[in-house]
Amino acid sequence: MRSAVLTASVLLCALGGSRAFATSLADEAAPTGYGYRDASGTIETRIHGDLRVSIRTSALKPERGYTPIDVVLQNTGLVPLQVRLTFQGHSNSGPRTSERSVEVPPQRRLVTWLPVPATVQAGSIQVESPGLSPLTLPAHTPVYVERSTGGTVLVLGTLKDFDDTSGVPRVEATGSPLFSVRTVDPRDAPRELSSYVGYSVVMVPGDLASVPADVWAVLESYVLSGGRLVLPQVSSSLTEHLPLFTAEGSRDAVPYGFGRVRLCGAVLECGQALNAMLGEFIPGPVNPAGAAPRWERSNLLAGGITPLLDHANTPVGRFLLLIFAFVLAVGPGGLLLARRRGPVAVLVAVPLVSVLTCVALVTWSVLVDGFAVHSARYSLTWLDAERSRAVTLGVSAWYANVSSGPVRFPATSALLAPDNADEMLADLDWTNGLTVTNGFLPPRTYREWGEVAVLPSRARLVVRRDGGTVRVQNALGARLVQGYVRVGSQSYALPALEDGAEGTLGEPLPAGATPVNQLVSSVGEPSLAEGRLSGGEVNFRAPLPEGGFIARLEGLGPAPSSAVDVELEAGIHLVRGQSEGGRP
C-alpha cells in the first residue's frame, strides 16, 4: 500500500513538472522562420436587389504576375444579369483598370476571378449591372493585397487537408512564418494561367479526383511554363492529369517542361518537399527589365541593364552634331550676319534657324523611327508535337512614336510586367482571355513585356532515312538558322533551312560534344536575351534524348504578341522537342 502511494506521488510530480515545463515553453516567443501563415483573406458580402455579391477584400500577393481576386455572384431573380467588375488601381501614369464582364444566369451562383497585377498594393472594385437600378449599385469596395515575407503557396483544397498532408504548423504573422498559404476550393479555382503563374508553389493536398478536369489542364500549363507543383503520393497513375510525367514514385523534383513536379508520401515528406522547393532560389521563368526608379534616372532601365532594342537608345552623337551646328549658326554665324547685313537680318535668321533645327529633328524621327512599332523578340519553346502544342517563354522589347492599339492574349497565356515595376502599367479586360486596351506601348516609351504561353501548334521537325543518308524537313514555321538533332545515339548538326525546305545531315559530332549548351551559349552571354530568360534554361539545357532536337529560328516567334504588326529588329528563338521519325 505504501509503495502504491509512493508510486502515485512520483507520477503526479512528474506530470506536474512536465506541465510546468510545457507552459514555460509556450510562454516563450516562437522561433523565427517557423511554420506557415494563413493568408486566404477575408470576404465582404453585399446584397443589391436580386444580386448578391461577395468580394475578397484581402488576398495573398504572389511574387510576380497577378493576384487573383475571387468574386462570388448569386442571382436570386428570374432573369439573367449582365455584371461588370472593375478594379481600379492608381499609378504614376493615372488610374488603371482591370475589368471583366460576365452573365449570371437566373437562380444561379457564379464564381468569377479578376486578376490584378501583383505590382498593385491596393485599389477598389466596383460592380455594375444594367439590370439593377443605379441607386442599388454597390459602391467601391476597397481591396488590399498582402505581401509575404517568405514564399507564397497556393493550395487547391482546405486548410485541414493542407495541415494533414504537409505537417507544417500554423503560426501568426508576428511569428515570422517561413511562407504564406492561400487556399482555394478546387471546384471554384481559376481557369486561366495568369492566376497561377506568379506563385512560388501550387499544392493539391487532398484527393486529386476533387480537382475538375479543366482546372487540371491549367495546372499542367502552370508547371509546363515554369511552375512548381507538389502532390501527395497516390496509387493511381498521374499520366491522366500530367501526361509528360514519367518518374512516378520518385521523391525528388522531376522536370516537367520548364517546371517541376514533386510527389510526397508521409506527412513529414510533404513538409520537407515544400521547404525544399521554397528554399531554392529560382528566378521567374521570364524577367523583363523595367524602367529605372527615380534615384536611377541616369539609367534607362533599372540596375543599368542594357535595352534589347537599339531604337530605345538616343542617338546622342547625331544630336550633339546637330546642336553644335545650331550653336555655330546662331553664334558666330549670327555675328557674321550682323556685320554684313545688320541686326535686322539677325532677328530674322535666328528664329528661322531654330525652325529649321526643329524640322530637322522631326524629320529625323519620322524617317528613322517612322510610325511603325519596333520590336526585338526572344523566346524559348518546348515543343510537344505528340499533343500538337508549344510551351513558350518569351520576352520582347517595344518602341514606337505612336501608341499601339489593343492587344489580345488567350487564356492559356500570361502577359508579365517587370518585377520591379511599382505601378499598374496598362488597362486590362479579362472578358474573353486578356485584352490590353490601353498602355501596352505608350508613345515614345521603351517597354519590355514577358510572356508565357501553352498554345496549339503543328510545328515539327521531320527526320527520315533515304538510303544511306538522313534527311530533315523544317516544318517549324520559321527559318532554321542552326540546330542539332540526335539520331541513332549520335548528334548531328542541322543545316540552315527555310521553312518547308529539306536538307541532309552531315557527319555526326564527336563523342562528348554538348550541342545544347553550345547552341544556348552561342546566342548571347550570359544567356539568351541577356538573362531575361535565364529561369527557363534550367530544364532546357538537359542533354538531348534519342530523337530529340534543338533549333534556333528567326522571325517573330510563337509567343501570342507576335500577332502585332512590327518592324522586327532582332528575333532569336530556341525550340526544343522530339523530331518526327527520329526515334528508331
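Predicted model: local features only at pLDDT ≥ 70, side-chain atom pairs only at ≥ 80, totals over all residues.
Residues are numbered from 1 along each chain as its sequence is written, and side-chain values use heavy atoms, with hydrogens and water left out.

The chain contains 9 helices and 30 strands; these are DSSP runs numbered from the N terminus, helices being H or I of at least four residues and strands E of at least two. Of its 584 residues, 46% count as buried, where buried means under 20% relative accessible area, exposed over 50%, and partly exposed in between (1.4 Å probe, protein chains only). Among contacts (heavy atoms within 4.5 Å) between residues at least 6 apart in sequence, 70% join residues at least 24 apart.

An open sheet of 4 strands has the order β2-β3-β5-β8 with antiparallel pairing; two strands pair if DSSP finds at least two bridges between them. Because β2 (43–48) and β8 (108–117) stand at the edges with a single partner strand each, one side of each is left without a neighbour in the sheet. On average, neighbouring strands of this sheet are turned by 20° against each other, direction ignored. Angles are taken between N-to-C directions, from 0 to 180 degrees, with axes fitted to C-alpha atoms, for helices over the stretch in contact. Strand β5 (residues 66–75) is joined to β8 by 10 bridges, and T67 has V116 in β8 as its bridge partner.

Another open sheet has 7 strands in the order β1-β12-β11-β13-β14-β16-β15, and its pairing is mixed. Its edges are β1 (36–38) and β15 (254–256), each with a single partner strand, so one side of each lacks a neighbour in the sheet. Here neighbouring strands are turned by 30° against each other on average, direction ignored. Within this sheet, β11 (residues 151–156) and β13 (residues 201–203) pair in the parallel sense over 3 bridges, with V153 opposite V201. Helix α4 (residues 267–279) lies across β11, β12 (179–184), β13, β14 (228–232) and β16 (259–264), and runs at about 160° to β16.

The structure holds 1 disulfide, a pair of cysteine sulfur atoms within 2.5 Å. The disulfide joins C264 to C270, with 2.1 Å from S to S, and is right-handed, with 90° about the S-S bond. C264 is buried, at a relative accessible area of 1%, and C270 is buried too, at 0%. C358, by contrast, is partly exposed at 47%.

A nonpolar core is a set of buried Ala, Val, Leu, Ile, Met, Phe, Trp, Tyr and Cys residues joined through side-chain atoms within 4.5 Å. In the largest one, of 103 residues, V83, Y196, L219, L231, Y378 and F440 touch the most other members. Apart from it lies another core of 20 residues, including L383, L480, Y492 and V575.

Elsewhere, strand β24 (residues 460–466) runs antiparallel to β25 (residues 469–475), joined by 7 bridges. V462 stands opposite Q473 in β25. The hairpin of these strands has 2 residues between them, and G467 takes a positive phi near 70°.
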